[in-house]
Amino acid sequence: MNNLKISLASKIAKDLRTNIILGILEEGQLLNETALADKYGVSRGPIRQAIQLLSNEGIVEILQNGRTKILGFRPNELQDYFNLRLYIESESVKKILSQPADEDYWKWLDSMKVLLENNSPIYSGIVPYDNTYGEQDMEFHFAIVSRADSQIYSQVWKNVSSLALCISELHRMYYSEKFVHETNITIACHKRILEGLQNRDLDFILKELAEHMEHGAKTLTHTWEKAREELKHKNMF
């Protein structure tokens, strides 16, 4: 598949994902590939790829007859998502620290420092126009998972990460008064995790990860609830 189709599929999947998370596209509803292709002005190829992405995330099901059913999204699944991430990232850290602190390890930590330097706190108090910070948050965590060199961990993590990134974007849109504060909390936590990696302090890192995931679950659940409530007032579903 060429890069254009991948780009189109990702954009379409993002739009469909948002509508599913917000309940605009309801559980049990069937997606029509032809209608979606007409709506987005594309061929059915990118639509099928977008649907496959959503199927990998577990929010739609591709039936044996070729149709696609929406499985929907429930707020308790956010907690499941963060529990899964906590397990994968905790086990990744254990694998990383079980290896010697060789030259390659310190080079990797240097690259993590650069990543954090590019993800500085928002001192201006102005909410960004895009979700760059959400993407940088995920980049930091995936760097840890990737370092563990487990294809299973990496693939599962990537399959579900788009859900949180989508709700992070909703957080920027619907919870703007707290977005800057929450972003700076995230960055501070990343710095502490990096400090733990530098000191090779497993217990400290696991504690920080657990608190980070718990905070993320609560914050994004509140975001989901607020976004749904605003849409109800606008009579969108």
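Is Cys189 buried or exposed, and what is its relative accessible area?

Guide: Cys189 is buried, at a relative accessible area of 4%. Here buried means under 20% relative accessible area, exposed means over 50%, and partly exposed lies in between (1.4 Å probe, protein chains only). A word on the source: this is a predicted model, in which local features need pLDDT of at least 70, side-chain atom pairs count only at pLDDT 80 or more, and totals for chains, interfaces and linings use all residues. Residues are numbered from 1 along each chain as its sequence is written, and side-chain values use heavy atoms, with hydrogens and water left out.

Cys166 is also buried, because its relative accessibility is 8%. The structure holds zero disulfides (a disulfide is a pair of cysteine sulfur atoms within 2.5 Å).

Of the 237 residues in the protein chain, 44% count as buried. The chain has nine helices and three strands. Both are DSSP runs, numbered from the N terminus: helices are H or I with at least four residues, strands are E with at least two. In sequence order the pattern is α-β-α-α-β-β-α-α-α-α-α-α. Contact means heavy atoms within 4.5 Å. Among contacts between residues at least 6 apart in sequence, 76% join residues at least 24 apart.

Next, the core. Nonpolar side chains tend to be buried together in soluble globular proteins. The largest nonpolar core here has 58 residues. Such a core is a set of buried Ala, Val, Leu, Ile, Met, Phe, Trp, Tyr and Cys residues joined through side-chain atoms within 4.5 Å. Ile21, Val60, Trp108, Ile144 and Ile193 have the most contacts inside the core.

Just after α3, Gly58 takes a positive phi of about 85°.

Then the sheet. Three strands form an open sheet in the order β1-β3-β2, with antiparallel pairing. β1 (30-31) and β2 (60-62) are at the edges with a single partner strand each, so one side of each has no neighbour in the sheet. Two strands pair if DSSP finds at least two bridges between them. β1 and β3 (residues 68-70) are joined by two bridges. Leu31 stands opposite Thr68 in β3.

Two loops complete the tour. Asp149 lies between α6 (132-147) and α7 (151-174). Asp149 is not a glycine, yet has a positive phi of about 60°. At 70% relative accessibility, Asp149 is exposed. Arg200 lies in the loop between α8 (176-199) and α9 (202-233). Arg200 has a positive phi of about 55°, and is not a glycine either. Arg200 is partly exposed, at 25% relative accessibility.
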